[in-house]
Amino acid sequence: MSLSPQSSVLSPQSFVLEARGITKRYPNGVLANDHVDFRVLKGEIHALVGENGAGKTTLMKALYGLEQPDSGQILLDGQPTTIPNPDAAIRHGIGMVHQHFMLIPSLTIAENIILGREPTKRGVIAEDDAVRIARTLSDQYGLHVDPQARVDVIPVGERQRVEILKTLYRGAEILILDEPTAVLTPQETNDLFRAVRSLVAQGKTVIFITHKLREVKEISDNVTVMRRGKVVGTVRTADVTREEIARMMVGREVLDRTRKGAAARGPLVLEATNLNYVTPDGKRALADVSLAAYSGEILGIAGVEGNGQTELIEVLAGLTLPAAGKIAVNGKNVTGLGARGTREAGVSHIPEDRLELGLAADASIEENLIIDRYYRAPYSRGGFLNFRAEAENARRAIADFDVRTPDAKMTARSLSGGNMQKLVVARELSAHPNVLLAAQPTRGIDIGATELVHRQLVAARDAGTAVILVSADLGEVMALSDRLAVMYNGEIVALITDVPSVTEEELGYYMLGVKRQEAVTSNE
Amino acid sequence: MRQRAVLLEVARVVMIVAIALAISFLVILVVSKQPSEAFKQFVTGAAGSRNRVSNWLVQATTMTFTGLAVALVFQARQFSLGAEGQLYLGALMAGVMALHTPGNAVIVATVAIIVAIITGFLFGLIPGYLKAYFGANEIVSTLMLNAIATAVYAFVLVQFLKPPRAGTNESKPFAIFGDTNRLHPLIADTQISVTALLAIAAAIFVHVLLYRTTFGYGLRMSGFNLRFAEYGGVNTRRTVMLAMAISGGIAGIAGAGLVLGTFGRVNAAPSAGYGFDGIVVALLARNFPLAVIPAALFYSYLRVGADVMGQNTDVPFEMANVIQAIIILLITAEALTRWLRRRRSGEDEPELPPMSAPETITSTATVPTEAAG
């Protein structure tokens, strides 16, 4: 079937929210929204999808009063309205749950919910009322929380429910959920979907921002697709397939799965034995973690974020000294050698946070590409930099990894998110590593760049690199891994050797700590 | 593209200076009964006579050294304020050498300057080491070391260098340098000495060090993003420590230049806050070593102009401090807004170092196992 780009299948009568011709150009010249029309029916779940930089966030910021559009109109229940700030949005019944939670960890759930609009008795906050309010809301919408629990001890899924309750307490009729499932396990996602359906059943309207197409199909009534600041179309979800939505997002055919051949497992390359690490604030982030990575194989590490994956990678990369345990690369002990010693043993590292670890945003692209090799020939000649080698290195990396930039002397900051990640990947893979640590290598980058990174990971594997892939995206680790370990609470609780046979549900149980394999050994 | 960026930087600095001058003119207009005369003295004073030009260029020389010292540590994003103390100790040791080293003037001067460099280097190494290996805040440590340095300077001067029964707190003149007691001037009847050439050489040295050597690369990367440098394998501790030490060595030359070239003896207070003027100069130069020279020439011109104005009109010399304050305020405010803008767009740059973060080595035996079975 074909989709006409502007097909509008919604009947005009009852738009609870309508944006007409929203245009927003940022001071740096980026046209983030270009005459965007966006209409939401009362009581529906409306998915908004698009690649990073497609303009979803800008549109939502305009609806929530965080940005003022240059032109265009917002109508609520058919009435033209201006939304100068989030306060006004809340007054108009628009609530937003951000990707990063905005809760105060040291307060209870009830206190967080009422914050900013506290019920008082004679000028004193009425704690009882707060708890009662929280409980009532929680029961009414099926968003289960313990009102008296402190936010810092509750899991991520519950924090998210608190955020939703907070907006409901403030009288939200339209809820904007910004990539709400990014931090959830499959089970928590199911809980969230149940809650969202219950909200809609009670007359609320939900705008659901996501880039996971499976979720679009599962939860939404209608879907609006954006690409490069424009709305490609709004369609009834039931009428389209995932592939068709993907094509609308990217503007071309997309391979849903990365093609990869069978792994040709070679010799043992990296062996970590009984790694232990305790964070400075006393959390036991790694508890006797042992793993083995083989040449020519991708070892995936799944898990809900914050279960020790970050620490594991930093320990393996030599950035953090483990409290106990040993790391060997090709039989040589590299524990305690630091970042440079570990790199010299052939370990490359794509860090999970590009801007914090992977790049110096204000240094040039060329400079960013030699941080691991500047002190060696040919980049160093007797302690002096060899600019020609530096430029040649950058030229090669840019060509091989399709980094889009007019000039390698420009700062890394001038690149888009996807190109920044390609820059990091280019540097780390051009070192021809024995071991590649890849942490969240496609987080926040668009489909095109994701495809390229996936292809490069598989190519590195096929060239004999032992790849260790950590990702919060279950689909990604399942598609790419030849073996898959699951981390929970600083431990490896499961090791799956037959990845195609495992279900997401089963992985979810491991990720939540409900289930664990007996005697997990990762050395087979 | 790059040229545009440079032009933009220059335009920013020029604008800030223009605003600062405009505000100071307004202040002059308010406080002075003879504002036009005051303006004139302020703007043209420094070029008014051979003496004043000499004074101007000597100050510019000193500020070039301290400006370079500050720019170097700023590029490593270390807010070291130790140039003043390093200058004092450099001056002291150069003075001691000039008083007690045998040999001819050239050898004595060379030895004195080298000893001043070593002194500044070692004195800069202290806060560098404390910062790199113990996470001691360099702002606090350098300010405290400044107090120590000036006290040591005064103690040594009064106890050992001052001739007994002398009325003023100063050493004997440096007889080794002949009648003037000073380094031979480059231009007759001025105090402009070979240190002016050394200042230019120092600027070239710092430029090459920062932009052409692997050490400078590691230093700049540590300044851009310390965690990135660590991740890439740069020994950031050693780099930061050496940056602060080299900076101290450069500040030490400033002290040597003052006692050897200007005062001809170890006097009570060789520096009029040149270490702190170095901060303004480095800010104006945007930490580019080659831009430090024009920035120092400009800023010292204002300083001397304000001096002349203070002597000849009813506007006090402190006007220079007003301008200095406004420049610092505007430049830091501008840097702050840029930083905030970046922060808001979600590209938060990590605040200084997790370098001080301890490598927590905790015995696993002491940690309760809480993992579910």
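Which residues does Val208(B) touch, not counting residues up to four places away in sequence? I looked, and found Phe384(A) and Thr213(B); contact here means heavy atoms within 4.5 Å.

**Ground rules.** I'm working with a predicted model, where local features need pLDDT of at least 70, side-chain atom pairs count only at pLDDT 80 or more, and totals for chains, interfaces and linings use all residues. Residues are numbered from 1 along each chain as its sequence is written, chains are lettered from A and ligands numbered from 1 in the order in which they are written, and side-chain values use heavy atoms, with hydrogens and water left out.

**Confidence.** I checked pLDDT, the predictor's confidence in each residue, from 0 to 100. Chain A averages 88, and 94% of its residues score at least 70. Residues 1-10 of chain A are below 50, though this stretch still has 25 contacts in the model beyond near neighbours in sequence.

I placed Val208(B) in helix α7 (residues 194-212) of chain B. Helices (H or I, at least four residues) and strands (E, at least two) are DSSP runs, numbered from the N terminus. Val208(B) has a relative accessible area of 29%, so it counts as partly exposed; buried is under 20%, exposed is over 50%, and partly exposed is in between (1.4 Å probe, protein chains only). I also looked at Pro289(B): it is 81 residues from Val208(B) along the chain, yet their C-alpha atoms are separated by 9.2 Å.

**Helix α3(B).** The 26 residues should span 38 Å, and the end C-alpha atoms are 36 Å apart, which agrees. I found 20 of the 26 residues buried, so the helix is largely enclosed by the rest of the structure. After α3(B) comes Arg77(B), with a positive phi near 50°.

**Cores.** I then looked for nonpolar cores, meaning sets of buried Ala, Val, Leu, Ile, Met, Phe, Trp, Tyr and Cys residues joined through side-chain atoms within 4.5 Å. The largest has 88 residues, and Leu72(B) and Phe177(B) are among those touching the most other members. Helix α10 (residues 236-263) of chain B gives the most to this core, with twelve residues. A second, separate core has 60 residues, including Val304(A) and Leu469(A).

**Strand β1(A).** Nine of the eleven residues of β1 (residues 15-25) of chain A are buried, so I'd call this strand largely enclosed by the rest of the structure. It pairs antiparallel with β2 (residues 31-41) of chain A over seven bridges; strands pair if DSSP finds at least two bridges between them. Lys24(A) stands opposite Asn33(A) in β2(A). Five bridges join β1(A) to β4 (residues 71-76) of chain A, also antiparallel, and there Ala19(A) has Ile74(A) as its bridge partner.

**Salt bridges.** I picked out Glu314(A) and Arg227(B), which meet at 3.5 Å, N to O. Glu314(A) lies in helix α9 (residues 309-316) of chain A and Arg227(B) in helix α9 (residues 226-232) of chain B, so the pair joins two chains. Both Glu314(A) and Arg227(B) are buried.

Note on methods. Expected span 1.5 Å × (residues − 1). Salt bridge = Lys/Arg side-chain N within 4 Å of Asp/Glu carboxyl O.
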